[in-house]
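Colleague: I am new to reading protein models, and I would like to go through one with you. Could you show me the features step by step?

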Amino acid sequence: MKENQYDLQEMNTLIQTMKKTAKTLHDQAASFPAVQKNATRILASIKMLEINISDIIDLNSKK
Amino acid sequence: MSNQSPFWNPALETLPYENVRKLQLEKFKRIFSWAYKHSRFHKILYENVGIKPDDIRSFDDITRIPTVEKAMMRDIQGKDPFPYGDALCVPLEEVTAYRQTSGTTGQPVYQPDTWQDWEWWAECWAQLLWAQGYRPKDRVFIPFGYNVFVAFWAGHYGAEKIGCEVVPGGVLDTRGRILKIQELQATAMMGTPTYMLGMADTAVNEMKIDPADLTIDKITCAGEPGASIPSTKQRITEAWGAKVYDHAGATEIGAWSFECQEQPGGMHVNDAFFLVEIKDLETAAIITEPGIKGKMIITALDRQAQPCIRFDSKDIIEWDSEQCSCGRTSRLIKGGVLGRTDDITKVKGVLFAPSSVEDVVRGIHDLGNDYELQLENINDRDVLTLQVEVLKDSEDRIDEIKSKLSDQLRLKTNLQYNIEFCQYGHLPRYQVKAKRFKDLRRTKT
């Protein structure tokens, strides 16, 4: 990919994959605080990626 | 390299404005539903006027939603879930940070945040600092007493998120902070306009250090409107030899507005994260056109633990008719935050904004940075008394300065003042937010 180019759809796909992975990890770690709490923080960071990218990708299709 | 991008988020910050509005509406629906579902306070507030989440389809629908005032938040705190009350939308165990408002206008309001909220605070700050030219190469000194007030906490984390090296100047006194800036060659700093001027004053008068000789090249101001008041901005700029940027935020709202490097004479609203509405002070209609002052009603579109939905901030703002040349599509508010409805008052029948006095005082080079303004009712007449400090080198020209000050005040505010000159160093110095205007008509019985 050339500099200054980005593909929002592709970014969003990667974000959703990360979210799914982090959520699965979080849910599997009920008895493992080190994993669950770090996964919580990762999910908070992923939410920031969603605010930055995922929230805007479908705007053109909205009235 | 991403460090060369002029935008923190090149997609969001240059989004066509019609899409920004679509985004705001979608996000408003989301936060409204969240609050309705998870907070008893919000549900009752909206049920009382018969509004449910599905009723929100347009910006007109949003204008029918009741506003929330700070006093309402004060009323619920101290109750369960303790200490926040029933505006809390998450279980207490998900709250990771406590902050409170500064208490400038009364009993402080408690503010809970989850870790996600804290990430969001830092995200808002990262975007504004990036717009002001902060980059990973910067060493950012933060001269604020890290405590229960949110102040520059989020600025610290926002700068870290960018990748800056952050130096917390918390427990140091003013002299210690100046020496640390000198020792580490810090390049940027954050503080209230009052404290930035106070630090410069200490450096010059007590330490014989010219702050302009230090390495600070940019300063982000917040907490007071000073950095958008031209004469105050100029004084800070000259004192530190640095570019001075304004930013507006609040504990219960978030970091909602900022000046960019272009400094177009106003501040950008972070439209993607906040919905700012301006309400006419007399008709209560929503003002969409530029050039008309009103009070800000604001919604933080992504804040989770204690949502901020149509909060009556009491800040006076107006839309700018111009678009900023920086390329951001967000709207500008002209001249920054122009005042507060709880400060703006009628004096002798004239609408009076105390911040206009600051611009006059700091525009006269014979006067110090500090002043005090008092309004009393004596024999049924409003009397304004302004105390100013005259600089030592100008003490022999008091009459000339008084005449100049009096004329400029009359021109700017249409009012007359009793002017009292004090020796330099006589008036109170403030470290955080200065409270220079006292309306004693309200407190005397």
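**Reading a predicted model**

Modeller: Gladly! Let us begin with one residue: A284(B) has 11 C-beta neighbours inside 10 Å, so it counts as exposed. Keep in mind that this is a predicted model.

Colleague: Where in chain B is A284(B) found, and what is its phi?

Modeller: Here is the general idea: most residues other than glycine have a negative phi. In A284(B), though, phi is near 70 degrees, a positive value. The residue is found in the loop between strand 10 (274-279) and strand 11 (286-287) of chain B. K208(B) also has a positive value, with phi near 55 degrees. This lysine is found in the loop between helix 8 and strand 6 (218-221) of chain B.

Colleague: Does K208(B) count as buried or exposed?

Modeller: K208(B) counts as exposed, because it has 7 C-beta neighbours inside 10 Å and the cut-off for exposed is 12 or fewer.

Colleague: Thank you! Now for peptide bonds: which residues does a cis peptide bond join?

Modeller: The general idea first: most peptide bonds are trans. In this model, a cis peptide bond joins D80(B) and P81(B), with omega about -10 degrees. Another cis bond joins F82(B) and P83(B), where omega is about 0 degrees. P81(B) lies in the loop between helix 4 (70-76) and strand 1 (95-100) of chain B, and P83(B) has its place in the loop between helix 4 and strand 1 as well.

Colleague: Let us turn to sheets. What is the order of the strands in the open sheet of 4 strands?

Modeller: Strands of a sheet pair through backbone hydrogen bonds, either parallel or antiparallel. Here the order is 20-19-18-21 in chain B, and the pairing is mixed. Strand 20 (418-423) and strand 21 (437-439) are the edge strands, each pairing on one side only. From one strand to the next, the twist averages 15 degrees.

Colleague: In which sense do strand 18 and strand 21 of chain B pair?

Modeller: Strand 18 (residues 367-378) and strand 21 of chain B pair in the parallel sense, over 3 bridges. To find the place on screen, look for L375(B), which stands opposite D439(B) in strand 21. Then look for helix 11 (residues 398-413) of chain B: this helix lies across strand 19 (381-390) and strand 20, and runs at about 135 degrees to strand 20.

Colleague: Stepping back, how is chain B divided into domains?

Modeller: Chain B is divided into domain 1 (115-338) and domain 2 (345-443). Their centres are separated by 26 Å, taken over C-alpha atoms. The contact takes 17 residues from domain 1 and 13 residues from domain 2. On the domain 1 side, helix 8 (193-207) and helix 9 (230-240) are the elements that give two or more residues. Helix 8 provides the largest share, 5 residues.

Colleague: And what can be said of chain B as a whole?

Modeller: Its secondary structure comes to 12 helices and 21 strands. The radius of gyration of chain B is 22 Å, close to the 22 Å that the globule rule gives for 445 residues, so chain B is as compact as a globular protein of that length. Buried residues make up 45% of the 445 residues.

Colleague: Last one: how many residues of chain A are in contact with chain B?

Modeller: 13 residues of chain A are in contact with 15 residues of chain B. Helix 2 (residues 33-52) of chain A gives the largest share of the chain A side, 8 residues. That side divides into 6 nonpolar, 3 polar and 4 charged residues.

Key:
Residues are numbered from 1 along each chain as its sequence is written. Chains are lettered from A and ligands numbered from 1 in the order in which they are written. This is a predicted model: local features need pLDDT of at least 70, side-chain atom pairs count only at pLDDT 80 or more; totals for chains, interfaces and linings use all residues. Two residues are in contact if their C-beta atoms, placed from the backbone, lie within 7 Å. Ala, Val, Leu, Ile, Met, Phe, Trp, Tyr, Cys and Pro count as nonpolar, Asp, Glu, Lys and Arg as charged, and the others, Gly among them, as polar. The radius of gyration is taken over C-alpha atoms; the globule rule is 2.2 Å times the number of residues to the power 0.38. A residue is buried if 20 or more other C-beta atoms lie within 10 Å of its own, exposed if 12 or fewer, and partly exposed in between; C-beta atoms are placed from the backbone. Domain bounds come from an automatic or database domain assignment. Two strands pair if DSSP finds at least two bridges between them. Axes are lines fitted to C-alpha atoms, for helices over the stretch in contact, and angles run from 0 to 180 degrees between N-to-C directions.
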